[in-house]
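Please look over the sequence and the model together before reading on. The paragraphs below go from the overall layout to one strand pair and then to one helix pair.

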Amino acid sequence: MKRAVPVVVLSIAGLVPVWRYEPSLGAATSTPEAAPTPSASAGSAAGTVVKGTTIRTEKGPVEVQVTFDGDRITAVRMLQQPHHPQTTAAVPKLVAETLTAQSADIDTVSGATITSEAYKESLQAAIDAKGA
């Protein structure tokens with residue numbers, strides 16, 4: 001009986017942080033734009049710039065902008081992304097893989113699966129818009 005009270009108290013004290021934990025709500029790093037469909041902009045000296053679809057996730061919106069030189073992807077920029085440390089770490093990896101693969105057929109980044117999947121979907125929408 002002497003051990004039961006401290007065990008119960010310590011168990012409750014250990015569970016309180018778990019109960020109070022709130023996952024990030026994924027505030028966007030930029031102001032959300034109303035862009036439900038992909039849109040292509042006119043070609044420029046730097047190439048053709050195409051925006052992907054804004055993908056809404058539970059972590060926050062994801063939207064990419066892709067720069068093409070002919071059919072080659074030369075740059076990818078995140079217009080919107082969840083404000084989350086895992087996303088921040090994943091974006092450079094996703095962009096590097098995109099530039100290497102030259103397509104949306106890339107691996108997801110461990111720990112940022114939701115953002116990776118949304119990134120690939122927005123990227124594919126931009127690639128499809130470029131081809132249209």
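How many helices and strands does the secondary structure of the protein chain come to? In this predicted model, the count is 3 helices and 5 strands. Read from the N terminus, the elements follow the order α-β-β-β-β-β-α-α. The protein chain has 132 residues, of which 35% count as buried. Where contacts link residues at least 6 apart in sequence, 47% of them join residues at least 24 apart.

Turn next to the strands. Strand β4 covers residues 61–69 and strand β5 covers residues 72–80; the two pair in the antiparallel sense, over 7 bridges. Within this pairing, Glu 63 has Gln 80 of β5 opposite. The hairpin of β4 and β5 has 2 residues between the strands, and Gly 70 there takes a positive phi near 70°.

The helix pair to examine is α2, residues 85–101, with α3, residues 113–131. Their axes lie 10 Å apart, and the helices pack at an angle of about 40°. Because of that angle, α2 is oblique to α3. The crossing of the two helices is right-handed. On the α2 side, the contact is made by Thr 87, Leu 94, Val 95 and Thr 98. On the α3 side, Thr 115, Ser 116, Tyr 119 and Leu 123 make the contact. Which classes of residue does the contact of α2 with α3 have? There are 4 nonpolar and 4 polar residues, and no charged ones.

How values were computed. Residues numbered from 1 in each chain as written. Predicted model: local features only at pLDDT ≥ 70, side-chain atom pairs only at ≥ 80, totals over all residues. Heavy atoms only, no water. Axes fitted to C-alpha atoms, helices over the stretch in contact; angles between N-to-C directions. Helix = DSSP H or I, 4+ residues; strand = E, 2+ residues; numbered from the N terminus. Parallel < 35°, antiparallel > 145°, perpendicular 65-115°, else oblique. Left-handed = near helix turned anticlockwise from the far one by under 90°. Contact = heavy atoms within 4.5 Å. Nonpolar A, V, L, I, M, F, W, Y, C, P; charged D, E, K, R; others polar. Pairing = 2+ DSSP bridges. Buried < 20%, exposed > 50% of the residue type's maximum accessible area, 1.4 Å probe, protein only.
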